[in-house]
Amino acid sequence: MFSKFAFLATFLVLTPGFAHAACSRANLTRCLDSACAINVSSNPAARCQYCGTASAGVPPTNNGMKSVSVGTSARYNITDKELKSAPTDPGQRYVWATNKCIERVAGCTTDDVADVYDTLIEQSCTAAGISAQMAVLQTQMNQTKTKTACSGEISQCMISQTKCTADFGACADDADFDKFFAECSVQSAGCDEFISTIRGELIASRDSAIKNADAILESIVASYADARAKRENAARATCTNNSGRDACITKICNERMPNKCAAGFGDEKSMATNLCKYYDTACATLK
């Protein structure tokens, strides 16, 4: 919710008041609208969805991510090409748009952005059915998060498919783990005091996951080896004293021969013996 406030102090550079010209708040609004008010004419909640809070839901797709500002103000707009790399998180997108617009519109600062645009976002959130008071939310977002919240955010980031994956298979190497952890910790604002502890816990989870994976693999290999040994022992048992071949002959005589290979019907016994001769070949291979 409105996570922009947690990022402003770090990412925005304020221009000294005596060094800039007067801010054109109309142009500043048009610039911010080009990133935060896409299709606002048909979607009154657009500003809230794009640059307010994720609680407002995902804005409907309509001709992609096209800017809405046109005409003489176009030179202040954030371009369609730039919008392709805009953050999808509403708070981060507001910070991103603020940076872009105070670069484009001379004399404007983050104070101007707050003055001209926070009210518009509040109104948009009201249209989305969300009661959002910017000052209250700002205070909440500037507060340090709990360790549980931080651990959950960073852990979820770390086990994503683009980073370590659920079994930490892509982070077996410490260098890979450290790289992804740095990315995830930066994304989780307000967690600085817990970073070291969370890192230690995630390393322990990684080591345990990898160890367990190795143990499971060894267990699977052992089970296959045991199954092979049992099959081989069973095969050898059928070769002892030709027990397997004799059982085969008896079975064929009883089930397939009209006279059950009885005395005087040697041709049936001979035929059954030939049909079971594969036992002799198999047993010769096992010797």
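A disulfide is a pair of cysteine sulfur atoms within 2.5 Å. The model described here is predicted.

**Disulfides**

By this rule the structure holds ten disulfides. The table lists three of them.

| Pair | S to S distance | Torsion about the S-S bond |
|---|---|---|
| C23 and C108 | 1.8 Å | about 85° |
| C164 and C171 | 1.8 Å | -80° |
| C248 and C276 | 1.9 Å | -80° |

The link of C248 and C276 is left-handed. C248 lies in helix α11 (residues 243-256), while C276 lies in the loop between α12 (266-275) and α13 (278-286), so the pair ties together parts that are 28 residues apart in sequence. C248 is buried, at 11% relative accessible area. C276 is buried too, at 0%.

The link of C164 and C171 is also left-handed. C164 is buried at 0% relative accessibility. C171 is buried, with a relative accessible area of 0%.

The disulfide of C23 and C108 is right-handed, because its torsion is about 85°. C23 sits in the loop between α1 (4-11) and α2, and C108 in the loop between α5 and α6, so this pair ties together parts 85 residues apart in sequence. C108 counts as buried, at 4% relative accessibility.

**Helix α2**

Helix α2 covers residues 25-36, twelve in number. From first C-alpha to last it reaches 16 Å, close to the 16 Å expected. Nine of its twelve residues are buried, so the rest of the structure largely encloses α2. Among the buried residues are L28, C31, L32 and C36. What do they pack against? The buried residues of α2 pack against α3 (46-51), α4 (80-83), α5 (90-104) and α6 (110-127).

**Aromatic rings**

There are three aromatic pairs in the structure. One of them joins F177 and F181, and it is stacked: the ring centres lie 6.1 Å apart, with 10° between the planes. Both F177 and F181 are buried. They are four residues apart in helix α9 (residues 174-187), so about one helical turn separates them. An α-helix has 3.6 residues a turn, so residues three or four places apart point the same way.

Y278 and Y279 form a tilted pair, 4.7 Å centre to centre and 35° between the planes. Y278 is partly exposed, at 48% relative accessible area.

The charged end of R206 sits over the F177 ring, 5.3 Å from its centre.

Methods. Residues numbered from 1 in each chain as written. Predicted model: local features only at pLDDT ≥ 70, side-chain atom pairs only at ≥ 80, totals over all residues. Heavy atoms only, no water. Helix = DSSP H or I, 4+ residues; strand = E, 2+ residues; numbered from the N terminus. Expected span 1.5 Å × (residues − 1). Buried < 20%, exposed > 50% of the residue type's maximum accessible area, 1.4 Å probe, protein only. Contact = heavy atoms within 4.5 Å. Phe/Tyr/Trp six-rings, centres within 6.5 Å; stacked < 30°, edge-to-face > 60°. Lys NZ or Arg CZ within 6 Å of the ring centre and 35° of its normal.
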